[in-house]
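Here is a short briefing on a predicted model. Look over the sequence and structure first.

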Amino acid sequence: RCHNGQDKTGILSRESCQHLHQSANRAVHGSYGYGLICVNRSWAGGDGLACWHSGSNNLNQYIMWMGFGIKKAFAVFTNQKNDNTFKMLDRAVYGLVQQASSQPEAQKQCKVPSSYICP
């Protein structure tokens with residue numbers, strides 16, 4: 001909510017929140033900034049900003065995507081970790097995004113999930 005200026009807690013200003021969704025240093029880190037990787041995705045609505053994070057403790061794995069324009073977040077996890085887990089979770093999140101998308105054209109552009117929910 002703070003990214004869209006709808007947070008009423010006053011913990012972070014809209015500007016501070018948006019700063020967290022930008023690259024810390026594009027020359028060094030690319031699209032990574034402050035714990036999230038933020039990229040443009042057509043399914044995210046609005047200005048296209050989508051941020052994601054993934055993590056593992058070597059026993060479990062988790063992936064989360066946020067689409068600020070559609071005001072939705074998607075998260076999936078599993079209690080196992082192997083060479084195929086990330087790809088499986090990415091496909092599961094992609095399925096959730098497809099179900100929630102109000103943009104059929106965004107779904108058509110993304111026929112086969114990539115490792116980063118379809119650029």
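I11, L12, L20 and Y34 make a nonpolar surface patch of about 380 Å². Patch residues have over 30% relative accessible area and no salt bridge, with like charges joined within 9 Å and nonpolar side chains (Val, Leu, Ile, Met, Phe, Trp, Tyr) within 5 Å. A salt bridge puts a side-chain nitrogen of Lys or Arg within 4 Å of a carboxyl oxygen of Asp or Glu. Areas come from the Shrake-Rupley method with a 1.4 Å probe, and for residues only the protein chains shown count as cover.

**Basis**
- The model is predicted: local features need pLDDT of at least 70, side-chain atom pairs count only at pLDDT 80 or more, and totals for chains, interfaces and linings use all residues.
- Residues are numbered from 1 along each chain as its sequence is written, and side-chain values use heavy atoms, without hydrogens and water.

- I11 sits in the segment before α1 (14-20); helices (H or I, at least four residues) and strands (E, at least two) are DSSP runs, numbered from the N terminus.
- I11 is exposed, at 70% relative accessible area (exposed is over 50%, buried under 20%, partly exposed in between; 1.4 Å probe, protein chains only).

**Disulfide**
- The whole structure holds 1 disulfide (cysteine sulfur atoms within 2.5 Å).
- C38 is joined to C51, S to S 2.0 Å.
- The pair links distant parts of the chain, 13 residues apart: C38 in strand β2 (residues 36-40) and C51 in strand β3 (residues 49-56).
- The link of C38 and C51 is right-handed, with 110° about the S-S bond.
- C38 is buried at 7% relative accessibility, and C51 is buried at 0%.

**T78**
- T78 lies in strand β5 (residues 72-78) and is buried at 11%.
- Leaving out residues up to four places away in sequence, T78 touches N60, Q61, T85, M88 and L89 (contact is heavy atoms within 4.5 Å).
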